Amino acid sequence: MSALYTAAATANGREGRAVSSDGQLDLTLAFPESLGGNGKGTNPEQLFAAGYAACFASALGVVGRSQKIDTGEASVTAEVSLNKAGEGFALSVVLRVELPDELQNETGHKLVEAAHQVCPYSNATRGNIPVELVVE
């Protein structure tokens, strides 16, 4: 496999900082209030949700362009949940894809399914964590 791009970031735990190697990302990390933290920073689940939503929206655009279908008004919201799993923890994801009115049909659903096949995040999570697709 040949890398098209490599991103690097360093973090020192769930409370502290996360910084990308190019300095474009420099965030305070904190436990959310619902997990006993002060909530005064972002957390890995939010970062994963933002990355997955952006990547999936991009994949939807790629699939749409390949089929000559305009998906420009579509948006994706990723809901990433941290779950207790035995002695450890696991993630689950719900991807809410908001499509333009003209794609609220079988074509739109097929585009979302096709995007799920090409999105790198979907490919990385497939078979590892549950991912639910919801077309809105």
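Trainee: What span should the 23 residues of α1 have at 1.5 Å a residue, and how far apart are its end C-alpha atoms?
Mentor: The expected span is 1.5 Å times one less than the number of residues. For α1 that comes to 33 Å, and the end C-alpha atoms agree with it, so the answer to both is 33 Å.

Trainee: What pLDDT must side-chain atom pairs have to count here?
Mentor: Residues are numbered from 1 along each chain as its sequence is written, and side-chain values use heavy atoms, leaving out hydrogens and water. This is a predicted model: totals for chains, interfaces and linings use all residues, local features need pLDDT of at least 70, and side-chain atom pairs count only at pLDDT 80 or more.

Trainee: In what order do the elements run from the N terminus?
Mentor: Helices (H or I, at least four residues) and strands (E, at least two) are DSSP runs, numbered from the N terminus. The protein has three helices and six strands. The run is β-β-β-α-β-β-α-α-β.

Trainee: Which elements do the buried residues of α1 pack against?
Mentor: Buried means under 20% relative accessible area, exposed over 50%, and partly exposed in between (1.4 Å probe, protein chains only). Buried residues of α1 include Tyr52, Phe56, Leu60 and Val63. Residues three or four places apart in an α-helix point the same way, because a turn takes 3.6 residues. The buried residues of α1 pack against β4, β5, α2, α3 and β6.

Trainee: Which side chain makes a polar contact with that of Ser122, and at what distance?
Mentor: Ser122 lies in helix α3 (residues 120-125). Ser122 counts as buried because its relative accessible area is 1%. Beyond four places in sequence, Ser122 touches Tyr52, Phe56 and His116 (contact: heavy atoms within 4.5 Å). The polar contact (N or O atoms within 3.5 Å, one able to donate a hydrogen and the other to accept it; residues adjacent in sequence count only if both atoms are side-chain atoms) is with His116, at 2.8 Å.

Trainee: What is the average twist from one strand to the next in the three-stranded sheet?
Mentor: The open sheet has the order β1-β2-β3, with antiparallel pairing (at least two DSSP bridges between two strands). β1 (9-11) and β3 are the edge strands, each pairing on one side only. The twist (axes are lines fitted to C-alpha atoms, for helices over the stretch in contact; angles run from 0 to 180 degrees between N-to-C directions) averages 15°.

Trainee: Which residue of β3 is the bridge partner of Val19?
Mentor: Strand β2 (residues 16-20) pairs with β3 in the antiparallel sense, over four bridges. In β3, the partner of Val19 is Asp26.

Trainee: Is Leu27 buried or partly exposed, and at what relative accessible area?
Mentor: Leu27 sits in strand β3 (residues 26-29). Leaving out residues up to four places away, Leu27 touches Gly16, Arg17, Ala18, Thr42 and Leu47. Leu27 is partly exposed, because its relative accessible area is 27%.
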